[in-house]
Amino acid sequence: MLYFAVLRERARRDGEPLELPSGALVMQARAAVAACHPEIAALLPRVQTAVNRTVVGDDHPLHDGDELAFLPPVAGGSSR
């Protein structure tokens with residue numbers, strides 16, 4: 001499990017292992033993270049999820065050893 005940007009700042013960590021039952025979906029991972037980290041729970045519905053560096057939906061199945069990352073929206077750039 002990897003956290004980026006504001007999620008990393010609020011959770012005070014870059015990542016952590018996440019134990020889920022066999023056959024779990026991304027939506028179940030979101031729920032587990034929200035329960036463990038209430039400081040980022042409100043942000044989770046607005047972030048994209050990547051599994052093994054590919055953006056996926058909440059119904060994507062997870063497998064042992066998958067790299068799961070939450071990617072918050074990024075703003076910025078020049079106004080020029």
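I searched the whole structure for salt bridges and got four, taking a side-chain nitrogen of Lys or Arg within 4 Å of a carboxyl oxygen of Asp or Glu as the criterion. This is a predicted model, so I kept local features at pLDDT of at least 70 and side-chain atom pairs at pLDDT 80 or more, while totals for chains, interfaces and linings use all residues. Numbering runs from 1 along each chain as its sequence is written, and side-chain values use heavy atoms, with hydrogens and water left out.

Next I looked up Asp58, which bridges to Arg30 with the closest N and O atoms 2.7 Å apart. Asp58 sits in the loop between β3 and β4 and Arg30 in helix α2, so this pair ties together parts 28 residues apart in sequence. (Helices are DSSP runs of H or I, at least four residues; strands are E, at least two; both are numbered from the N terminus.) Arg30 is buried at 13% relative accessibility, and Asp58 is partly exposed at 33%. My cut-offs: buried is under 20% relative accessible area, exposed over 50%, partly exposed in between, with a 1.4 Å probe and protein chains only.

I also noted Glu67 with Arg53, at 3.7 Å, N to O. Glu67 is partly exposed at 29%; Arg53 is exposed at 74%.

Then the sheet: I found it open, four strands in the order β1-β4-β2-β3, with mixed pairing (strands pair if DSSP finds at least two bridges between them). β1 (2-3) and β3 (54-56) are at the edges with a single partner strand each, so one side of each has no neighbour in the sheet. β1 runs parallel to β4 (residues 68-71), over two bridges.
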